Structures are given as structure tokens and as C-alpha cells.
Amino acid sequence: MSYSWSSEEHKSRVLELAKSLVGSGVEVILDVWDLNVGQDKYDFMEQMIKDKSIDRVLIISDKLYSEKADGREGGVGTETQIITPAMYDDLGRNKFIPIVFERDEETGKEYLPLYVNGRMYIDLSSDEVFQDGFERLLREIFDKPNLRKPKLGKVPAFLLDDSVDTFEIERKASLVEKALDKNTQRLSYATKEYLDCFIEELKKLSISKRRG
């Protein structure tokens, strides 16, 4: 989890989110748990972002985080320099998940760093949206979307079979009509030709049982 130490309240919210994830079966690596005294914090940041065993990196963004990320300030700025190229290498995948933790009170606009502009994010900015957002986050982590694309079916058989030649049927039907109007001996032959053509084309629409 990448976040800023904006305030004690913010740190507490981040910790509660981490605990909720752990309680839902997600292994969470967090500095307050995993960064030991004497350990290089910048090396820790880099390893957490580049480690291939890490499936997701949550970018917990509030106002201060977005400002430090855009200004490349402090630890957040360092993480941003590491995340940005890694995120571009991750194009087409979803390792990095932006999490909106705060919105502008006047405009309602989400606080997000410029480098995640255009990326889909999860909104956890208030109690009203937290539960839905948290469920969406879990579904994303465990690859269990609420709506899953159906499996590709088979092409309908009628599209693969030869099409019916309606033009020829209509032409022969027209010959029958002309023969009727003229009351000629040609009527019986025209009728037979029409029926033969109709039956031949009708066979193309027949359904046959296939084994297997």
C-alpha cells in the first residue's frame, strides 16, 4: 500500500483498510507491520513495487498524497518515481489500483496524482461509498467480477449452411402465375418446376442430428 502520512486520522483509516483486507483473506504488506528499524525505507518501497510476488499495489490517494506525487516530494515523491515507469510497463494489466480516499469538499473532484489520470479507480472517500467500494476492491483482487463476460458460443448453424435461393423460387412462382393467367398447357410444367425448386431449397433448412 502506497500512502502518505497526512495525519493521524488518515493513517488510522489506512490501517483500518489494511486490517479489513487481511480479515477478508488478503495478505497485506504495510510499512507499519513490515518495515523494521534499521531497514532502508527506500529499498523497501522499491521492493514492494517491483517484487513479482506482489499481485496488487494500492495507491491510497488523498489531497496531500496527490500534491507530493505531482511535486515529487518526500517518500511519496520517491515512490512515484518508482511507480510511474512500472505502471507504464504494466499497461494492459491491473497491478496498480488507485484508491480515492479524499475528494475536494467544494467540487467533489477526486484527489489523484497526474500519473494515474485515465485509470479506473475505486472510491473509498466516505462512509456512504465505502462498503460498495470495498466489495469492488475485493472482487478486483480475487478476480471475481460482479459481471463476468459469458463464454463464446457456437456460430448458428443456419449461418454456416448454404443460403436459400429465394430469387429462383420467386422467378418460378412468377412463371406459374403467368401460366394461370393465360390458361396454357405450360401450367403443369411451370408448377412442377416451381415445386421442385421449392423442395430443393427447403432441404437446405432441414435440421439433422449429429452425434457427439
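Buried means under 20% relative accessible area, with exposed over 50% and partly exposed in between (1.4 Å probe, protein chains only). The model is predicted: local features need pLDDT of at least 70, side-chain atom pairs count only at pLDDT 80 or more, and totals for chains, interfaces and linings use all residues. Residues are numbered from 1 along each chain as its sequence is written, and side-chain values use heavy atoms, without hydrogens and water.

Start at helix H4, residues 63–71. Helices (H or I, at least four residues) and strands (E, at least two) are DSSP runs, numbered from the N terminus. The buried residues of H4 are Tyr65, Ser66 and Ala69. They lie on the same side of H4, because they cover an arc of only 95 degrees around the axis, taken from the directions from the helix axis to the C-beta atoms. Their cover includes strand S1 (57–61) and helix H5 (74–89). Just after H4, Arg72 has a positive phi of about 55 degrees.

Next, the nonpolar core. Such a core is a set of buried Ala, Val, Leu, Ile, Met, Phe, Trp, Tyr and Cys residues joined through side-chain atoms within 4.5 Å. The largest one has 18 residues; among those touching the most other members are Leu17, Leu58 and Phe101. Helix H1 (8–23), S1, strand S2 (96–100) and helix H6 (127–141) each give two or more residues to this core. H1 supplies the largest share, 4 residues.

Leu58 is in contact (heavy atoms within 4.5 Å) with Met1, Ser2, Leu21, Ile97, Ile99 and Leu137, leaving aside neighbours within four places in sequence. A second, separate core of 17 residues includes Ile54, Ala86, Tyr115 and Val116.
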